[in-house]
Amino acid sequence: MVKSLCIQLINPNTSQAMTGIMAQTARSVAAPETNILAVCPEEGAPSIEGHFDEAIAVLGVLQQVKAGRDAGVDGHIIACFGDPGLLAARELARAPVIGIAEAAMHLATMLATRFSIVTTLPRTLTIARHLLHQYGFERHCAALHAIDLPVLSLEDGSGLAQEKVRRQCIAAKKSDGSGAIVLGCGGMADLAQELTLELNMPVIDGVSAAVKMVESLAALRLTTGKHGDLDYPLEKPLSGRFAGLNLRDNYV
């Protein structure tokens, strides 16, 4: 009998519309027995487009991870391309925690020797470069591109951002010599399959990639190693708005 899974999809910004877009994409690729629990923080930034926004978002991410942990979910996805709070979340969680940037980049290296990234604002290209270095994928990335529109333009109903993503992906295919393209924003999640067909090359959405990775880890009965720096946080009294993150005697 196939065991049902519950994967918590965490949108680190406060946009319910974007949470819905990502949830729909996640459910479209999830196995029939997988339940997607899509959540976002009640307070924080409406979009994440820089280091400041990421810093604000981390508390909300950790609060959602704690809630998912208490509910017994089988995995967590941090659905922002900056992977904000990823390592801290892995300390806090029992189940696997996957960031969509890391997931997409890993998957791209399995499908091509070099990949391109298409994201939103130019300022976020530096964050993507930092992640490439952190994850060891600098030599695999041929180029990074920005459509020069804010994240929330992906949900404004005009279709302009989606068309600019499409055009930039076409241009990247022609100029970069890449074998795959990574979409650098969770709000682009619903574009990947159509672009893959149109461009006749892998266009990878990190939300979908992360869902399948969590399912694979669950099937293998693997989770984050707790021997070393990703062991549970040291038990200490947290105060103020951080008090809800206290784990008390829940270490197992």
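Which residues lie nearest the centre of the largest cavity? The first legend below answers this, and the others visit further parts of the predicted model.

Residues are numbered from 1 along each chain as its sequence is written, and side-chain values use heavy atoms, with hydrogens and water left out. Because this is a predicted model, local features need pLDDT of at least 70 and side-chain atom pairs count only at pLDDT 80 or more, while totals for chains, interfaces and linings use all residues.

**View 1. The largest cavity and its lining.** Ile-48, Cys-80, Phe-81, Gly-82 and Gly-184 lie nearest the centre of the largest cavity, out of 23 lining residues. A cavity here is a set of points, on a 1 Å grid over the protein atoms alone, where a 1.4 Å probe fits but cannot get out, and lining residues have an atom within 4 Å of a point. The structure holds 1 cavity of 30 Å³ or more, and the space in the largest cavity comes to about 230 Å³. Such a volume is the space filled by probe spheres set on the points, with grid points joined across faces, edges and corners. Helices α1 and α5 (124-135) each supply at least two lining residues, and α5 gives the most, with 4 residues. Helices (H or I, at least four residues) and strands (E, at least two) are DSSP runs, numbered from the N terminus. The lining divides into 11 nonpolar, 10 polar and 2 charged residues. For these classes, Ala, Val, Leu, Ile, Met, Phe, Trp, Tyr, Cys and Pro count as nonpolar, Asp, Glu, Lys and Arg as charged, and the others, Gly among them, as polar.

View 2. A nonpolar core is a set of buried Ala, Val, Leu, Ile, Met, Phe, Trp, Tyr and Cys residues joined through side-chain atoms within 4.5 Å. Buried means under 20% relative accessible area, exposed over 50% and partly exposed in between, with a 1.4 Å probe and protein chains only. The largest core has 40 residues, of which Leu-9, Ile-77, Val-165 and Leu-183 touch the most other members. Among the elements that give two or more residues to this core are β1 (5-10), α4 (100-111), α6 (160-175) and β7 (180-183). Helix α8 gives the most, with 6 residues. Leaving aside neighbours within four places in sequence, Leu-183 has contacts (heavy atoms within 4.5 Å) that include Phe-81, Val-118, Val-165, Cys-169 and Ile-204.

View 3. Met-18 sits in helix α1. Is this residue buried or exposed? Met-18 is buried, with a relative accessible area of 3%. Not counting residues up to four places away in sequence, Met-18 touches Asn-11, Asn-13, Val-151, Leu-152, Glu-155 and Gly-187. Ser-47 is 29 residues from Met-18 along the chain, and their C-alpha atoms are separated by 9.4 Å.

**View 4. Asp-83 in its loop.** Asp-83 belongs to the loop between β3 (75-78) and α3 (86-92). With 4% relative accessibility, Asp-83 counts as buried. Beyond four places in sequence, the contacts of Asp-83 are Ile-78, Gly-99, Ile-100, Ala-101, Glu-102 and Tyr-135. The C-alpha atoms of Asp-83 and Gly-99 are separated by 5.0 Å, although the two are 16 residues apart along the chain.

View 5. A search of the whole structure finds 0 disulfides, a disulfide being a pair of cysteine sulfur atoms within 2.5 Å. Cys-141 is buried at 10% relative accessibility, and Cys-169 is buried at 0%.

**View 6. The largest pocket.** A pocket is an open set of points with protein on both sides within 12 Å along at least five of seven lines. The largest pocket has a volume of about 370 Å³. Its lining has 17 residues, and Lys-3, Leu-5, Asp-74, Ala-218 and Ala-219 are the closest to its centre. Helix α8 gives the most to this lining, with 3 residues. By class, the lining has 9 nonpolar, 2 polar and 6 charged residues.
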